[in-house]
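Open the model in your viewer and keep the sequence panel beside it. The tour goes from one selection to the next.

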Amino acid sequence: MVVAGTTRRRFDPEFRAGAVRIVKETGKPVAHVARDLGINEYTLHNRVQMDRHASGQVGGGGGTLKESEQEELARLRAEKAELARELAREKAAWAKERAELEDEREVLKRSVLLWVREAMGR
């Protein structure tokens, strides 16, 4: 919502870069730095994220992974894929079993209905 009579504040690139640098170098929370500087914390958060993307540090961690970390990541991704395949197989088996049980239930309901009709007809 835009309030009439208010103007949007503009910050020069040096100020923005300085705010991001403060977050990176001091390790203070974005909200704390934003409050100290009198700017919106979400704006500063977006600037910090854009800086991380630009420097290749997506996800907030370090830039590159060590070889052992890459191997572990590959192993975990393979394990996740295998677990997803196993879950899909189990879901398919459960769906098949459920369908069979529903069919059996319908047969039993019809059998009981016929039995009751026969018993009442005597």
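A residue counts as exposed when its relative accessible area is over 50%, and as buried when that area is under 20%. Keep those cut-offs in mind while you click. Note also that this is a predicted model.

**Whole chain.** Colour by secondary structure. You get four helices and zero strands. Along the sequence the pattern reads α-α-α-α. Now colour by accessibility. Of the chain's 122 residues, 8% count as buried. As for contacts with a separation of 6 or more, 33% of them come from residues 24 or more positions apart.

**Helix H2.** Select residues 30–37, which form H2. Which residues of this helix are buried? Show Val 30, Val 33 and Ala 34: these are buried. They share one side of H2, because the arc they cover around the axis is only 100°.

Next, ask what covers the buried residues of H2. Select residues 13–26 and 41–54. These are helices H1 and H3, and both are among the elements that provide the cover.

Step past the end of H2 to Gly 38. This glycine follows the helix and has a positive phi, near 75°.

**H1 against H2.** Show the two helices together. Two packed helices are described by the angle between their axes and the distance between the axes. For H1 and H2, the axes come within 9 Å and cross at roughly 140°. The two helices are therefore oblique to each other. Their crossing is right-handed. To see the contact, show side chains on both helices. H1 contributes Phe 15, Ala 19, Ile 22 and Val 23, while H2 contributes Val 30, Val 33 and Leu 37.

**The aromatic pair.** How many aromatic pairs does a search of the whole structure find? The search finds one. The ring centres of Phe 11 and Phe 15 are 4.8 Å apart and the planes stand at 20°, so this pair is stacked. Check the accessibility of each ring's residue. Phe 11 is partly exposed, with a relative accessible area of 27%. Phe 15 is partly exposed too, at 29%.

Notes
Residues numbered from 1 in each chain as written. Predicted model: local features only at pLDDT ≥ 70, side-chain atom pairs only at ≥ 80, totals over all residues. Heavy atoms only, no water. Buried < 20%, exposed > 50% of the residue type's maximum accessible area, 1.4 Å probe, protein only. Arc of directions from axis to C-beta. Contact = heavy atoms within 4.5 Å. Phe/Tyr/Trp six-rings, centres within 6.5 Å; stacked < 30°, edge-to-face > 60°. Axes fitted to C-alpha atoms, helices over the stretch in contact; angles between N-to-C directions. Parallel < 35°, antiparallel > 145°, perpendicular 65-115°, else oblique. Left-handed = near helix turned anticlockwise from the far one by under 90°.
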